[in-house]
Structures are given as C-alpha cells and as structure tokens.
Amino acid sequence: RVPFFAVVLRKGYGLGAQAMTAGGFDAPVFTVAWPTGEFGAMGLEGAVRLGYRKELEAASEGAERDALFKKLVAKQYADGEAINMAQTLEIDAVIDPAQTRDWLVRGLASAGGMHQSAMPFVDTW
C-alpha cells in the first residue's frame, strides 16, 4: 500500500478524472494541477450541447446559434480552469510545473506512516 497523489496537467473530465484520481479529487493525499488544468463533468463542448440544448435550439440556426454556442463554451472553459477548482476546494492547489517534483517529494515524506485502503479498481457505474 502506497500513498496516492494526483497531478492534473491538462484535462480532468468525468469518469476518466475519477479513475485517474482513485475515485475522486478528494481521494488522493493531495490533488494539484498545473495552470493548464481544465476540469468538468464531461468534455466541455458536449456539456454545452447537452446542458444548453433548449437554449441552443431556441436560437436561430446559423450565426446566432454559433455565437451562443461559442459564448457558452467559453464560459465553461473559464469556470473549469484549475484556479477556479482550487478556489472551490475541489483540488488542493495550482502549482508551477517546476514545483511538481517538490510536491511529490514532500508528499512522500509527509505520508510516511499513512496507510491507504487497497482499491483493486474504480467502479465507474
């Protein structure tokens, strides 16, 4: 049994994010992200298509609908930035990529006597 840490470099979406973080962002000893990290329940374009379907269908086809879609996707990207996830306590910190090794070394040192439960798999259902 070893301590588990999560470092998100780019995308942390949906069940894939849960699988890579042992079931959720709160499961590892710490979860940090580089400034390039993005988070969401699913791919953000797909989330807009599903979550705002009625609004998109109400807009006229063509330029109006495309502009609304782009605006909604931009908002999802802004809301899913790593810094916003850290502000809402979903992750522990947004770190400079150059500090990644330091975080891992300090994590190993601080988790010396920590025992984590064995997880043979992550149940995605």
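In strand β3 (residues 30-33) of this predicted model, the side chains of Phe30 and Val32 point one way and those of Thr31 and Ala33 the other way. All four are buried, where buried means under 20% relative accessible area, exposed means over 50%, and partly exposed lies in between (1.4 Å probe, protein chains only). For Phe30 the relative accessible area is 7%. Strands here are DSSP runs of E with at least two residues, and helices are runs of H or I with at least four, both numbered from the N terminus.

Strand β3 pairs with β1 (residues 5-8), to which it runs parallel, through 4 bridges; two strands are taken to pair if DSSP finds at least two bridges between them. Phe5 stands opposite Phe30 in this arrangement. Strand β3 also pairs with β5 (residues 93-94), again in the parallel sense, over 2 bridges. Here Val94 of β5 is the bridge partner of Ala33.

The structure holds 3 aromatic pairs. Rings of Phe, Tyr and Trp (its six-membered ring) were counted as a pair if their centres lie within 6.5 Å, with planes under 30 degrees apart classed as stacked, over 60 as edge-to-face and the rest as tilted. Phe25 and Phe39 form an edge-to-face pair, at 5.3 Å centre to centre and with 80 degrees between the planes. This pair links distant parts of the chain, since Phe25 is in the loop between α1 (14-20) and β3 (30-33) and Phe39 is in strand β4 (residues 38-40), 14 residues apart. Both Phe25 and Phe39 are buried. The ring centres of Phe30 and Trp103 are 5.2 Å apart and the planes are at 65 degrees, so this pair is also edge-to-face. Because Phe30 lies in β3 and Trp103 in helix α6 (residues 100-110), the pair ties together parts that are 73 residues apart in sequence.

Trp103 is partly exposed, at 21% relative accessibility. Ring pairs join Trp103, Phe30 and Phe5 into a cluster.

In one of them, Lys11 is joined to Glu38, with the closest N and O atoms 3.1 Å apart. Lys11 lies in strand β2 (residues 11-13) and Glu38 in strand β4, so the pair ties together parts that are 27 residues apart in sequence. Lys11 is partly exposed, at 37% relative accessibility. Lys75 forms a salt bridge with Asp79, at 2.8 Å between the closest N and O atoms. Both residues lie in helix α4 (residues 63-79), 4 residues apart, about one turn of the helix. Lys75 is partly exposed at 44%, as is Asp79 at 40%.

The protein chain has 6 helices and 5 strands. Of its 125 residues, 30% count as buried.

Residues are numbered from 1 along each chain as its sequence is written, and side-chain values use heavy atoms, without hydrogens or water. In this predicted model, local features need pLDDT of at least 70 and side-chain atom pairs count only at pLDDT 80 or more, whereas totals for chains, interfaces and linings use all residues.

Terms used. Salt bridge = Lys/Arg side-chain N within 4 Å of Asp/Glu carboxyl O.
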